[in-house]
Every structure is written in C-alpha cells, then in structure tokens.
Amino acid sequence: MRHIISLLMENESGALSRVSGLFSARGYNIESLTVAPTEDPTLSRMTIVTSGSDEIIEQIIKQLNKLIDVVKVLDLNDGRFIERELMIVKVKANAQYRDEMKRMCDIFRGRIIDVSDSSFTIEITGSSSKLDAYIESIDEAAILETVRTGASGIGRGDRILKV
Amino acid sequence: MGSNYISGAEIVIRCLHEEKVKFVFGYPGGAVLNIYDAVFQQNKFKHVLVRHEQAAVHAADAYSRSTGKVGVALVTSGPGATNAVTGIATAYMDSIPMVIISGQVPTYAIGQDAFQECDTVGITRPCVKHNFLVKDIKDIASTMKKAFYVAASGRPGPVLVDIPKDITAEKYEFSYPKTVHLRSYNPIIKGHSGQIKKALLLLLDAKRPMVYSGGGVVLGDASNQLTKFVRTLGSPITSTLMGLGGFPASDKQFLGMLGMHGTYEANMAMQECDVLLAVGARFDDRVIGNPEHFLSKPKTIIHIDIDPSSISKRVKIDVPIVGDVISVLTELNDLLSKEKIKQNASLKPWFKEIDQWRSTNCLNFKNDKKLIKPQFVIQTLHKITKGDAFITSDVGQHQMWAAQYYPFDKPRRWINSGGLGTMGVGLPYAMGTQLAHPDAKVACVTGEASIQMCIQELSTCKQFHLPIKIINLNNRYMGMVRQWQEFFYGNRYAESYMEALPDFVKLAESYGHVGMKIEKPSDVEPALKEAFSSKLKERLVFMDFITDQKENVFPMVPNGKGLSEMIIAEDL
Ligand SMILES: Cc1ncc(C[n+]2csc(CCOP(=O)(O)OP(=O)(O)O)c2C)c(N)n1
Ligand SMILES: [Mg+2]
C-alpha cells in the first residue's frame, strides 16, 4: 500500500543522504521525497511517499527512527491527513489546443501563471492522484514539460508533528 | 588567546583522556600528523602501531569485544580511511562500540580532489551507527563526547569522527562537556512491565519452552541475569555464534549453538518448542534458516531486544519487549522469585524428547591415526587451556569447529566476526584481546587462507611482545568454500585450493616468533602443551597443524532450508 511518511530531522548536511541511503541500501521504494527547513531553522521536515506491505512499512518507520539525525517520524496513513502536491505543466496553447487547455485547467482548478503565443504554463495543486488524473485527461501530445514537487502531507485536526 | 588555548590535535587527545582511553590503534599519515604529534607528547594512553589500517580497526574492535569498553582507532585520510572500512563494517554488523578518528584534508581543500582526499563520511555512512565531519574547532570536544556516547549506548556500534587537518592545527579553549543530550536519540532502556509479565506467564505455562540467546546478551553484560533466569525457569537454552559464553556451555540445560552449523538438539528444539524466548538475538538467515519453515510449527515468540528494528524484521513476534537485556532480565528474575513455580515436573517430557535428539551425538567425529582431525585440535586446545582462554577466530570451517568444540563458560571469551564474516580478523582480534588482557591465554584459531589476509600483523605482535598462540588449521583449502563446492557444485573446486603456501614456520621465525609444524595426531597434544608452557609464555607461537583436507563441518542446514532439514555427518 502507498504510505506517506513525515519526519522531522536535524537540519544538518548529510542528514538527507542518511535517509535516502537507508532506502536504497534496504531496497525500499521511494515514490517521492521532499525536504525543506521548518519554522525552527534547526529542523527540516521531510515527506516520503513509499509503498510496501505492512511489515515493510513497519520496518521503514523503525529504521528511520534509528537514524541519529531523525527526531520524529509519523506515518500519516495511521490517521486522517491531507496530501498536497504542486505541479507546474507547460502545455501547447496554439489555435488547436488553446480553448481546450484553458477548460481543462479550470476543471482541475489550476491557474495559468505564464502565457505565450503557443503555450500556457499552468500550476495545479492537489493530491498526487489528482495530478495524475489531470495528466491523463489532456492530450499527451499537448504536454511540453512537467515538473512536480512530490507530495507533502499534514495530519488533520489535532494530529500535529512537532518536537 | 588565553594560555589555556590548545591545538585541535591536543583537544582530540584530551578528549581521549577524558574518556579514559587506554589504547589507540592506528597508523599515521599526512592528515593526522598534528594529531600524531600530540600523541607523541602524552603518555596516558598507549598507541599501538599496526601494519595496516584494517588491523587497527579490528584490534580496537576486539579490545571492545573482550572488555566491553569503547575501542578507539586512528587513521589518516584517503587510503587510511578506505583501508579502515572493512574493519568498521565488521564492527557495525556485530554492534561493537567503537570510535574511529580519521584525518581529512583541510576544510578549504574539501571537494577539490585534494591529495589523499576521499568522502570518508559518505563512504562509511552505511556501515557506521553514526558519523561526523567536524568543520569547526569549537565542535571537536562536543563531537567527541557525542561519538563516545552514541557508540556505547542503546544498540552499540562504531562511530566515525572525520577531522580536517587545518582544524587540528588551530587553537581553541578545551572544555569537555559533562553530559550529552541528543533530542533525536533516546534509546529505550526499561522494558514494558506489562509485556514482561505477559512473557513470564507464557513461559511458565509452556510445555516446551525454549530460550535462544544472542550477541546482545554478551554486549549487554547480561549473562549473569540470563543464567539465573534460565536456571530458575529450567528450560533448555541455545545460543547463536555471537552469544556463545552468554550462558555456561557446560550447563546441562545448554543445547549447544544453533543455526547453519548448530547442533541437532538445538535446532530441533528451536523448531519444536511451543514458547520461544529470544534474548538479544535477531533471527538472521544463518540462525533460523528459512523463516517460513521455521514458523511452520506454530509457536509463541517473545523477543527482548534494545533495537526496535530487530523485532519482527524476519519473523513476526507475538510479545515484543524493547529494552536493555540486563534491565528486562532483572525484572523477569524479580517477578520469577515472586511466582510460585512448580519445579518443572511438567518439563520432563520435553527434556526426554531433547535427550533423544542429543543421543544422535551430532558432533561426534572419528579420530584418525595418520591425519590430524581439526576438531581434535580444538578439543585438545580446550583441554590444555582448561577452557579458560580467549579464543579469536577467522572465518571458515575452523571458525565453526572452534565454536562447536571449544565450549565457552564465560562471556567475552569468544571473539569472531559473525555478521560480516570477515576473513583476516583473527590475528588483529588476538592483538586487541591480548593487550586488554596481558596475563590471559589468547589463542587465534585460523586457516591458512584467512591468516594470510592480515599476516603483516605478526610484526605488530613482535613490537608489542604479544604472546598469542596461533592455531593454524591448515587444510590447504579455503575449506568452507570447498565444502559448499563439494555439496552444491558437483565437487568442482573452483579457485578454492591454496597453492604456493608459505612455510609458516619460517615465516613466523622471520618475524621473530616461534614456529611449529604439527603433522601427526600424536603430536597435537605435546605441541599445544609446549606452546602454552611457561617456557614459551612470553612468545608468540605459530602452530601450523596440517589437518585432514577433506573434513567437513557438520551438522549443516543448507542455505535457505529449515532448521529441521539438517545434514548430519552419517547422512552422507
Ligand atoms: C574477506 C573475505 N573474503 C572471502 C570470504 C569468503 N570465504 C569464507 S570462508 C573462506 C575460506 C577460508 O579459508 P581458510 O581460512 O583456510 O579456512 P577453512 O575454511 O579452510 O578452515 C572464504 C574464502 C570471506 N569470508 N571473507
Ligand atoms: Mg583452509
């Protein structure tokens, strides 16, 4: 099953490679991995999207906790959570595609953030599956370039990951 | 600058003094010249100059294995650090607390492909418990404090501190932190009382209880507590290769080692028990073989371990207890002394069954008039040393024979590379052990292939007057490789014959030691007696035993098979 794991770790050089090294050394999947500092500059927050059986996910959580630089780990799938990913897509917007691209952008609640004679640059946020759905909905030939941030997630309500 | 400002190199040394380090095993080079200059000007610890950095780390590792203290190694940047990697990975696999200090090129040269630069922190990351690159002289003392703390606490392991050369030359005030706190690292010591109680009730209710103890018992210095508990419980007990000595082998409750080359009775009891207590062990592939086969006979499994990630890794655990083995076993003993146990009348049928397995005498072997049987050498070694020596070993058949035929009654007496299985450890392990225990008998059981992987250390042994007894079980083969080729590769002995062997007697003599060649079974005991006699008490003796080339290690659980699918000697 797909899991989103959030973790707080010391904002130190090398910390990221300890986490990514763990995944490659033990053969765990990484669908995406994002990391950035938090409001506390000594801490970084990382979101890892992975998949595996319950046993593998349990091992992943334990192995992450074992890393000395990792302060806290939370499997968001253990409770209710919100997932968001940002995608920026550059699509063809010549006469053939212009209307269609505008319409699909609206349907997926995206925003056109840059325009040229022949292209739109569109930003869309949502769960990773929503972004996948957008890509599937438009004509493949119209896609010029895509860039995705990978998913971030946060617990709903009182579920808080903090030191 | 105040007068209490000292160089970074001196700070490193002062940290080692604060940690009461007695030995540093190392090898100098450009990036650590400042540190070596500071080593020269102190006498609180002894520096042991090895002949290869791999041996420095192995020796420091054995110092730790045989004493429980943190071992320390010091190497230079680049090749010094890469040579140390095998030693570090070996210690990591067996959870040995160590601090390795490596020199690094100056901070301003890092990333420039400088002379003898390598990304030591990057290279060692997967085989250390943690590592640090110190970028500021202000951080040396606190980093060293953290390194020793992380190495020794929780599930122990090697920690590397990489120190650029410029920082060792700068000056700063020395102050060693009294305490250390890492918000991200809080090993759990005390086990969950509810789980402990539950475990005890299960064990007391069991008809076929079994205890399986591992290296964690030795590392956690919990062998007294384990022994007390198992004796009161009255159950049979087995041990992994790494746990030998954690429970006295001469006790009748002990079934011998389990696993790939474990005894028939230990493996069968593991398979057939109804409640299993695992203490400081990790159910690895060489121990339980195929996990599905292992679980095909239903059993309730209790697992005590300090490392949560060891629990339910290969086998699903019913009652996990995360905690320090000594603390959990103490709590179990306290509880047990309160419970009214019926004196094990109910375990009689279980032991009857076990006795039947025992009666296969799976470690029996036939002595020969002409050929020296390796097992016989180990048995005689046990007799001559009265079972009270420190035994180090290399990796191969000789290692298994040492484990099978030298019963250990005390922990920290059996020093070998279990997890990584590193050939070459035997001699440096004996060095670290002998330095830690100058008056003890230390024997290195090795093979003619393994010993050549760190043979240069005979020179270190000469320099430091280490009276190690080397028991070379010379079968002219990489025996363990040959055994697998015989069983599983149709006797095609690809590259496992040891051609062009040196004359080990002359080799030993050229290093200034005593050499002996033993070719007849009747000479085995007299030779060992002589080697351990007071006449040769101060000398390293290299004993080259020319053994039966085709001897195999039995019993054997073939790779990927189940514990009850052993090959016993007679089966073949
Ligand atoms: C560094 C290293 N390389 C290769 C191996 C694989 N290996 C395991 S046992 C063995 C043969 C050991 O031969 P020897 O030291 O003569 O011991 P014997 O098995 O003959 O007793 C080899 C090559 C290893 N364990 N370590
Ligand atoms: Mg051999």
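Ring pairs join W484(B), F487(B), F488(B) and F554(B) into a cluster; here two rings of Phe, Tyr or Trp (its six-membered ring) form a pair if their centres lie within 6.5 Å, and planes under 30 degrees apart count as stacked, over 60 as edge-to-face and the rest as tilted. The structure is a predicted model, in which local features need pLDDT of at least 70 and side-chain atom pairs count only at pLDDT 80 or more, while totals for chains, interfaces and linings use all residues. Residues are numbered from 1 along each chain as its sequence is written, chains are lettered from A and ligands numbered from 1 in the order in which they are written, and side-chain values use heavy atoms, with hydrogens and water left out.

Over all chains, the count comes to 20 aromatic pairs. A pair of aromatic rings is described by the distance of the centres and the angle of the planes. For F23(B) and Y63(B), the centres are 5.6 Å apart and the planes stand at 65°, so this pair is edge-to-face. The two residues come from distant parts of the chain: F23(B) sits in strand β2 (residues 23-26) of chain B and Y63(B) in helix α3 (residues 53-67) of chain B, 40 residues apart. Helices (H or I, at least four residues) and strands (E, at least two) are DSSP runs, numbered from the N terminus. Both F23(B) and Y63(B) are buried, where buried means under 20% relative accessible area, exposed over 50%, and partly exposed in between (1.4 Å probe, protein chains only). In a further pair, the ring centres of Y406(B) and F408(B) are 5.1 Å apart with planes at 35°, so the pair is tilted. Y406(B) is buried, at a relative accessible area of 1%, and F408(B) is buried too, at 3%.

Two other buried residues show what surrounds a side chain inside chain B. T433(B) belongs to helix α18 (residues 426-436) of chain B and is buried, with a relative accessible area of 0%. Not counting residues up to four places away in sequence, T433(B) touches A62(B), S66(B), F390(B), T392(B), I415(B) and V442(B); contact means heavy atoms within 4.5 Å. M543(B) is found in strand β20 (residues 541-546) of chain B and is likewise buried, with a relative accessible area of 0%. Leaving aside neighbours within four places in sequence, the contacts of M543(B) include I470(B), I471(B), N472(B) and M516(B). The C-alpha atoms of M543(B) and N472(B) are separated by 5.9 Å, although the two residues are 71 apart along the chain.

The next topic is the interface. Here, 18 residues of chain B are in contact with 18 residues of chain A. The size of an interface is often given as the accessible area lost when the parts come together. Chain B and chain A bury about 1,500 Å² between them, 45% of it on carbon and sulfur atoms; this buried area is the accessible area (1.4 Å probe) that two parts lose on being put together, summed over both. R125(B), R183(B) and S184(B) supply 41% of the area that chain B buries against chain A, more than any other three residues. Two salt bridges are counted between the chains, a salt bridge being a side-chain nitrogen of Lys or Arg within 4 Å of a carboxyl oxygen of Asp or Glu. R183(B) and E10(A) meet in a salt bridge through their side chains (2.8 Å, N to O).

Over all chains, the count comes to 31 salt bridges. In chain A, E31(A) forms one with R2(A), the closest N and O atoms being 3.1 Å apart. E31(A) lies in the loop between α1 (15-25) and β2 (32-37) of chain A and R2(A) in strand β1 (residues 2-10) of chain A, so the pair ties together parts that are 29 residues apart in sequence. R2(A) counts as partly exposed, at 30% relative accessibility. In chain B, the side chains of K410(B) and D388(B) meet in a salt bridge (3.1 Å, N to O). K410(B) is partly exposed, with a relative accessible area of 40%, and D388(B) counts as partly exposed at 38% relative accessibility. K535(B) and E530(B) also form a salt bridge, their closest N and O atoms 3.2 Å apart. K535(B) is exposed, with a relative accessible area of 61%, whereas E530(B) is partly exposed, at 35%. Finally, a network of salt bridges links R208(B), E272(B), K297(B) and E353(B).
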